[in-house]
Amino acid sequence: MPAAVHPGLWADEIFSLAMATGHSLEHPPEDADPKLGDFVEPQSAEPASAFRRYMEHETPPAGASRVIRAVFLSDTSPPFYYLLLNVYTRITGTSDFALRLFSTVFALACLPLLWILGREVGGKKTAWATCLLFTFSPPGLYYSAEGRMYSLVWVLGLSLALCTFLLNRRGPRPHLLLLWCVTGAAGLLTHYFFAFCWLACFAWFWIHTNKVKRGVLVGLILMTGLVILPWYIQIPDSLSRWRVTAGWLDSQMTWQQLLAAPFNLASSLLGSRVPWSDFVWPDRIIVCLYAFLIVLLLYKRVWRLSSHGRSLIWLWVVASCLGPVLFDSLMHTRTSTVWRYALPGFPAAMLLAGFYISRLPPRGAVAFLMLILLTWLPGIRDVFAEPSRPWAYPEIGTRLAAWSTPSDLIIVHSIPSGVLGVSRYLETSTPLASWVVQLEQRHLPDDMNDLLDNRCRVAVVKVHDLGKPSPAEIWLQEYATLDHKEVVHQFTEILYFLPELPNGTSVTQCLRRSGSAPTVSATSAASRPINIE
């Protein structure tokens, strides 16, 4: 819960709010429909509030059809999470805390499911160990408080696994059959890589069918398929569309990377690191601890996969770690280098770890759990540290507010969600200009001449730009004076420029004329005129 209170969303969380409020961000500029809330890059500089509206509900709020349209145009995930978030934020609002609390509630809902499955797999000791590991795991803590769909995926995966167990034990009860279809379809409409969890459950069900005939299983597939069909038949069209962030994972991995990827993904589920964490040694210690545990359990002959339930959990983990690798080998992408794509298997990893730790003698199990928790401490600290992501939009807003006056200009070189992230925490009347290079809507020198007209100073914010050079920075480096630069993070910096002012007006005079005193030293301006032909 404390992590959810920390202010400062990152780009993907900003994106979640945009989708949930019915605003498309990633579409081609020629497809934008302002009447339907699509992002349009303004030609002139605008107040930050003009961009914040893309993260807020309109009056009346956008309904399900507009949310689905926005997801179709902009996202590479299905719409179910955003539909739920749309309803939720109409009630709670779109604050940072409200968004993250939505994920935290789903994470808390995992605990009773983990307890039941833990008892199903290995008894009460397994249930206790699993819940303890889930509660303090750094990846679990981090993604439990991130405004994305991962904790919802965990709840749906656990529910599907539990339904699979109960159907196998009790037979084809109508309510369990319906729940199996509903949870499976909801998961497949929340994240595409949930399919690996769903396939693991179905494969285990098919192999271990006792009281449920295989004809019934085929019927379950057909029912699930009918529910997801309206969205899934649109996937080729949706994924083939151009997007602002298209291609950020489009590069083929070497065979060595493909071989190592499943092990890296598996270790990420059990390890200490969270996104952008710098500490590697805790994960190495954890790998050694689990290697010791494997050797010890092999020696004691308790490393069995065939016992009731454990083979399903193993299938779930293996499918979640191998699935992205298989996807990469077919699509020539690099999704398996991004740890979060294995997150559908996180609850299963906690169940397996909890089971095998509980097989140790009581004192040994307690000692092993304490060692794991101690090794996780650096990661737990990182979860509660600010900022949790490297773009630090609140810090950018604070620095700009301390520097700026109404006569200045802020140019944000980023993707649309990055522009919205800066505007969300910008408490100043200084106008803001969006410069999304991928949209190709701005051109030099005309746009720079128009934007800098009657402006005393200009700040260029480079944040979440996908490695694209900033045309505004390049132009200003030549035709203005760089006063100073602030590196907010290794991925984020702010450059402060002094353009040439008309009629020899000094920066100090310009600021006084606008009713504001200068807050930075006014070094001599460039000798070249601002207008270029």
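Let's begin at R424, a residue of this predicted model that has 14% relative accessibility and therefore counts as buried, since buried means under 20% relative accessible area. What does R424 pair with? Its partner is D96, and the closest N and O atoms of this salt bridge are 2.9 Å apart. D96 has 11% relative accessibility, so D96 is buried as well.

The structure holds 16 salt bridges, and a few others are worth a visit.

One of them joins R381 to D382, with 3.1 Å between the closest N and O atoms. Here the two partners are worth checking one at a time. R381, at 46% relative accessibility, counts as partly exposed, whereas D382, at 17%, counts as buried. Another salt bridge brings together the side chains of D447 and R442, at 3.5 Å from N to O. Are these two residues buried or exposed? Both D447 and R442 are buried.

Which residues are linked in a network? They are K462, E473, K485 and E493, and salt bridges make the links.

Two packed helices are described by the angle between their axes and by the distance between the axes. For helix α16 (residues 310-331) and helix α17 (residues 346-358), the axes come within 8 Å and cross at roughly 135°. Angles over 145 degrees would count as roughly antiparallel and those from 65 to 115 as roughly perpendicular, so α16 and α17 are described as oblique to each other. The crossing in which α16 passes α17 is left-handed.

Which residues make the contact? From α16 come R310, I313, W314, W316 and V317. Helix α17 brings P347, A348, A349, L351, L352, F355 and Y356. Sorted by class, the contact of α16 with α17 has eleven nonpolar residues, one charged residue and no polar ones. To see this for yourself, display the side chains of both helices and look along the place where they meet.

Note on methods:
Residues numbered from 1 in each chain as written. Predicted model: local features only at pLDDT ≥ 70, side-chain atom pairs only at ≥ 80, totals over all residues. Heavy atoms only, no water. Axes fitted to C-alpha atoms, helices over the stretch in contact; angles between N-to-C directions. Helix = DSSP H or I, 4+ residues; strand = E, 2+ residues; numbered from the N terminus. Parallel < 35°, antiparallel > 145°, perpendicular 65-115°, else oblique. Left-handed = near helix turned anticlockwise from the far one by under 90°. Contact = heavy atoms within 4.5 Å. Nonpolar A, V, L, I, M, F, W, Y, C, P; charged D, E, K, R; others polar. Salt bridge = Lys/Arg side-chain N within 4 Å of Asp/Glu carboxyl O. Buried < 20%, exposed > 50% of the residue type's maximum accessible area, 1.4 Å probe, protein only.
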